[in-house]
Amino acid sequence: MAFIVTDNCIRCKYTDCVEVCPVDCFYEGPNFLAINPDECIDCALCEPECPANAIFSEDELPADQEVFVELNQDLALIWPNITEKKEAMADAATWDGVEDKLEYLER
């Protein structure tokens, strides 16, 4: 089982989670992070670090977030690896908690 970055990360992109990942399985896009499920060791360190509560264990993933399983896998293959914390997006606080942001995902 892997951890999955979900909808609430879009346009927030807090990176607190990447600092605690022991296997560096996070990948950074323009306005979203993805976890490579083939690299994730299910350590659960990232989940509590996410200020947006956008990371879930695959077995606890809400049904309306299942599309993010495939998205994380696909995007992690094309985006660069990120291992250090960066500033959140400038308007992250405005977007945190907004539902159904998939249309805003930049690839």
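**View 1. Overall fold of the chain.** Three helices and four strands make up the secondary structure of the chain. Helices (H or I, at least four residues) and strands (E, at least two) are DSSP runs, numbered from the N terminus. Along the sequence they follow the pattern β-α-β-β-β-α-α. The radius of gyration is 12 Å, close to the 13 Å that the globule rule gives for 107 residues, so the chain is as compact as a globular protein of that length. That radius is taken over C-alpha atoms, and the globule rule is 2.2 Å times the number of residues to the power 0.38. The C-alpha trace spans about 30 × 30 × 25 Å along its principal axes. The model is predicted: local features need pLDDT of at least 70, side-chain atom pairs count only at pLDDT 80 or more, and totals for chains, interfaces and linings use all residues. Residues are numbered from 1 along each chain as its sequence is written, and side-chain values use heavy atoms, with hydrogens and water left out.

View 2. Of the 107 residues in the chain, 46% are buried. Buried means under 20% relative accessible area, exposed over 50%, and partly exposed in between (1.4 Å probe, protein chains only). Contact means heavy atoms within 4.5 Å. Among contacts between residues at least 6 apart in sequence, 76% join residues at least 24 apart.

**View 3. The buried side of helix α2.** Helix α2 runs over residues 67–76, and its buried residues are F68, L71, N72, L75 and A76. They lie on the same side of α2, because they cover an arc of only 115° around the axis. The arc is that of the directions from the helix axis to the C-beta atoms. Their cover includes the strands β1 (3–5), β2 (26–28) and β3 (33–35).

**View 4. W79 in the loop between α2 and α3.** W79 sits in the loop between these two helices. Its relative accessible area is 8%, so W79 is buried. Leaving aside neighbours within four places in sequence, W79 is in contact with Y27, E28, G29, P30, F32, L33, A34, L105, E106 and R107.

**View 5. N81 in the loop between α2 and α3.** N81 also belongs to the loop between α2 and α3. With a relative accessible area of 38%, N81 is partly exposed. Not counting residues up to four places away in sequence, N81 touches D24, C25, F26 and Y27. C40 is 41 residues from N81 in sequence and 13 Å away in space, C-alpha to C-alpha.

**View 6. K101 after helix α3.** K101 is found in the segment after α3 (92–95). K101 counts as buried because its relative accessibility is 0%. Beyond its neighbours within four places in sequence, K101 contacts D7, N8, I10, C12 and W95. D7 is 94 residues from K101 along the chain, yet their C-alpha atoms are separated by 6.0 Å.

**View 7. The largest pocket.** About 250 Å³ of space lies in the largest pocket. Of its 18 lining residues, D7, D64, Q65, E99 and D100 are the closest to its centre. The lining divides into eight nonpolar, five polar and five charged residues. A pocket is an open set of points on a 1 Å grid over the protein atoms alone, where a 1.4 Å probe fits, with protein on both sides within 12 Å along at least five of seven lines; lining residues have an atom within 4 Å of a point.

Notes: Points joined across faces, edges and corners; volume = space filled by probe spheres on them. Nonpolar A, V, L, I, M, F, W, Y, C, P; charged D, E, K, R; others polar.
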